Amino acid sequence: MTDFEAYREYQRIEDFEEDSPPGEEDLLVHVPEGLKDSWHHIKNLDNFFTRISFHFKSNRTCTKNGFACMMLSEFFELVQFLFVVTFTTFLFNCVEYDVLFANKAVNHTTHSGSSLERNKVTLTDAILPSQKCTERIQGNGWIIFLLIMAAIFWVYRLIKVFCNILSYWEIRQFYIKALKITMDELCNYTWQEVQGRLTNLQREQQMCIHKKELTELDIYHRILRFKNYMVAMVNKSLLPIQLHLPLLGDVVFLTQGLKYNFELIFFWGPGSLFQNKWNLHPKYKRASNRLELATQLNRVILLAGLANLLLCPFILVWQVLYAFFSYTETIKREPGSLGARRWSLYGRLYLRHFNELNHELHGRLGRGYKPVSKYMNSFTSPLFTVIAKNVAFFSGSILAVLIALTVYDEDVLTVQHILTAITMLGVVVTVTRSFIPDEHMVWCPEQLLQCVLAHIHYMPDHWKGNANKSETRDEMAQLFQYKAVFILEELLSPIVTPFILIFFLRHKSLEIIDFFRNFTVEVVGVGDICSFAQMDIRKHGNPQWLSEGQTEASVYQQAENGKTELSLMHFTIKNPRWQPPQESSFFISHLKEKVHHDASSAPPAQHILSETPLFSSLLSNESGTAPDNLLASVIAYPVLTASGLPGRDRRFVQPSTTASAAASVLASLSPSQQPNRTRSHILLPSTYPENPVYRSDRTVIEESMSGSDSRFRSISRSALLSEFASAEMSLHAIYMHEV
């Protein structure tokens with residue numbers, strides 16, 4: 001009887017779905033009494049962990065109201081679509097434009113000889129009666145067809161929104177009941193703290209039946225399974241997004257529509273390479289039939305391209321309408337907004353680490369926004385500046401006269417096209433002035449590019465020493481594009497996407513088949529993942545990135561631009577509880593030893609941080625945190641040493657490089673290098689988990705933080721730890737690029 005009762009504590013998993021790897025369908029899983037709820041054996045952990053991450057990001061963005069924000073966003077997406085369709089139909093069928101433009105007489109307009117004595121036309125005069133409007137719509141077959149298609153799509157979106165709201169509520173309950181985190185408290189938690197509770201819950205409730213314990217890397221692999229493949233394909237230049245066009249030269253074209261098609265073809269669409277959410281189809285793992293599979297993929301891509309070509313008119317009309325309704329008012333109010341910049345979709349994939357969540361990438365690129373804006377603004381064309389100044393002068397002069405006339409007599413506004421002229425002249429003045437640089441501003445391109453590198457972590461080797469060249473700026477513009485370029489690319493996307501699929505992607509079918517076969521590995525409890533996402537130095541390391549003698553990778557197997565090494569450092573620093581495998585641990589130890597060796601011949605960190613307050617202020621934000629000022633000091637120190645100016649103690653400063661300055665500050669974070677550390681240093685809380693790179697005793701010199709003490713004390717402990725982790729990774733990026 002006792003044996004029978006013990007056996008009843010186990011539940012046989014009979015309702016396994018596609019998330020269960022073969023051979024594990026009959027696992028007996030122990031479920032402790034009192035924990036038998038909906039969180040046991042979650043069937044689609046990829047989707048579940050992704051929703052947990054999305055809820056975390058949303059709650060951080062919309063403090064304490066994440067669930068309400070997500071619900072409202074979903075609701076207003078439906079309302080926006082309905083509004084665009086309804087309002088566009090109304091404008092095309094229910095407005096009498098001849099009356100609106102006063103080209104046609106209305107009931108209360110009287111004739112006097114050959115001329116018309118026009119009264120003011122009201123809006124109601126230009127709007128057709130509802131009966132006539134309905135007749136117009138019913139008499140147009142195309143309008144009826146488009147409205148039916150829009151209605152079907154809207155109903156589909158309505159069902160999806162309803163499912164999403166149920167999903168959001170489920171995740172909300174999971175946070176509250178399972179993780180014991182209320183929505184009011186969630187904004188004070190870091191992702192690592194949430195992740196720690198997830199791994200603890202796995203031990204208690206067996207959310208995943210395939211492994212007794214989940215590691216941090218397992219969770220990241222589940223969330224970023226397909227994203228890591230996309231990052232790897234961009235890193236290996238496999239996707240045809242870099243094109244050479246006549247007159248335009250080399251351009252990068254990657255839009256939301258094109259990216260959607262890539263993911264549809266590779267991951268989850270009909271005929272895709274993955275047979276379910278977690279498993280690459282077995283036939284793609286065998287090299288024997290690679291040519292046949294390439295032909296099959298070629299056919300799938302061709303069909304996708306033809307489908308895009310067929311849908312092109314409808315998608316193009318929607319893109320134009322949505323862009324018009326979204327940006328017209330903004331352009332009228334702030335014409336200079338088109339000259340603002342944003343990280344391109346290509347830039348987000350190129351700069352993304354393997355195993356980097358959306359909110360981590362967003363935060364990192366957000367910190368790099370101001371430095372890269374300064375760098376891009378440091379490039380000015382004297383010829384273009386002269387032209388912009390004169391265009392602004394002439395346009396401003398005419399605008400000033402028109403405004404003065406309207407102030408003197410408002411009847412001037414009744415003159416035909418006068419309002420149009422005033423509006424257009426205002427736009428021209430605003431746009432041209434945005435191209436006129438501040439004549440009092442002085443830039444240091446090399447140091448600005450170092451500031452950019454500290455946050456984006458990646459840049460081609462040929463940028464070093466060429467920060468002041470236009471070629472470098474043009475390549476940076478591919479990562480950090482004008483908003484106007486973004487809008488134009490999205491408008492052109494329905495036209496360009498079919499041609500990229502049909503004429504470029506199809507010819508890479510064999511390379512794509514080989515890529516997925518060669519760079520897919522199966523991980524127990526996770527499924528098939530991109531092998532680059534394991535951050536294995538031995539398999540994918542690059543000898544030029546401090547992994548010489550530690551990697552067996554060929555040129556084909558190496559990740560470009562130090563992606564493997566930098567991703568490993570980033571993940572290790574962001575997840576200090578994670579235990580790297582042996583090869584990765586060896587690389588980290590080797591890097592740490594080299595840092596300490598270089599630091600031994602460099603000035604002390606305290607000296608570096610105390611000598612450069614003025615220089616670093618040129619590179620840091622006025623309201624920057626201590627980590628920001630620390631980075632600025634490291635970058636500014638070589639400028640000070642090269643200038644030959646005396647230091648604060650009136651003695652000449654020892655020449656130093658950026659690499660040695662970064663090594664010195666990094667070494668100061670290690671307690672082993674500071675046996676006589678005194679309490680004059682500000683220590684981070686000792687409860688911070690040990691990091692395989694630099695242990696829990698992370699410090700910065702108190703003097704370097706004096707300028708930001710108030711902000712240092714105002715932010716939470718978790719936010720402070722996150723800031724210092726980001727600063728540590730930035731120092732590693734600078735150091736690894738330099739050496």
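In the predicted model, cysteine 530 is buried, its relative accessible area being 0%. Cysteine 163, by contrast, is partly exposed, with a relative accessible area of 43%. One disulfide is present in the structure. It is formed by cysteine 94 and cysteine 133, whose sulfur atoms lie 1.6 Å apart. Cysteine 94 is located in the loop between α3 and α4, and cysteine 133 in helix α6, so that the bond links distant parts of the chain, 39 residues apart. A disulfide is a covalent bond between the sulfur atoms of two cysteines. Both partners fall under the 20% limit for burial: cysteine 94 has a relative accessibility of 5% and therefore counts as buried, and cysteine 133, at 9%, is likewise buried.

The loop between α3 (66-93) and α4 (97-100) also contains glutamate 96, and helix α6 (residues 130-138) also contains arginine 136. The side chains of glutamate 96 and arginine 136 meet in a salt bridge, with an N to O distance of 3.8 Å. Because glutamate 96 lies in that loop and arginine 136 in that helix, the pair ties together parts that are 40 residues apart in sequence. Glutamate 96 is buried, with a relative accessible area of 13%, whereas arginine 136 counts as partly exposed at 34% relative accessibility.

Salt bridges in the structure number 18. Side chains of opposite charge can pair when their charged atoms come close. A salt bridge is also formed by lysine 236 and glutamate 560, for which the closest N and O atoms are 3.4 Å apart. Lysine 236 lies in the loop between α11 (225-235) and β5 (242-245), and glutamate 560 in the loop between α24 (543-547) and α25 (563-574); the pair therefore ties together parts that are 324 residues apart in sequence. Glutamate 560 has a relative accessibility of 28% and so counts as partly exposed.

In a further salt bridge, the side chains of glutamate 356 and arginine 364 meet at an N to O distance of 2.8 Å. Glutamate 356 is buried, with a relative accessible area of 0%, and arginine 364 counts as buried at 3% relative accessibility.

Threonine 658 belongs to helix α30, which spans residues 658-668. Its relative accessibility is 10%, so threonine 658 counts as buried. When neighbours within four places in sequence are left aside, the residues in contact with threonine 658 are Gln450, Val634, Pro638, Ile734 and Glu738.

For the protein as a whole, the secondary structure consists of 32 helices and 12 strands. Of the 739 residues, 48% are buried. Among contacts with a separation of 6 or more, 72% are between residues 24 or more positions apart. The accessible surface comes to about 37,700 Å², and carbon and sulfur atoms account for 59% of this area.

How values were computed: Residues are numbered from 1 along each chain as its sequence is written. This is a predicted model: local features need pLDDT of at least 70, side-chain atom pairs count only at pLDDT 80 or more; totals for chains, interfaces and linings use all residues. Side-chain values use heavy atoms; hydrogens and water are left out. Helices (H or I, at least four residues) and strands (E, at least two) are DSSP runs, numbered from the N terminus. Buried means under 20% relative accessible area, exposed over 50%, partly exposed in between (1.4 Å probe, protein chains only). Contact means heavy atoms within 4.5 Å. Accessible areas come from the Shrake-Rupley method with a 1.4 Å probe; for residues, only the protein chains shown count as cover. A salt bridge is a side-chain nitrogen of Lys or Arg within 4 Å of a carboxyl oxygen of Asp or Glu. A disulfide is a pair of cysteine sulfur atoms within 2.5 Å.
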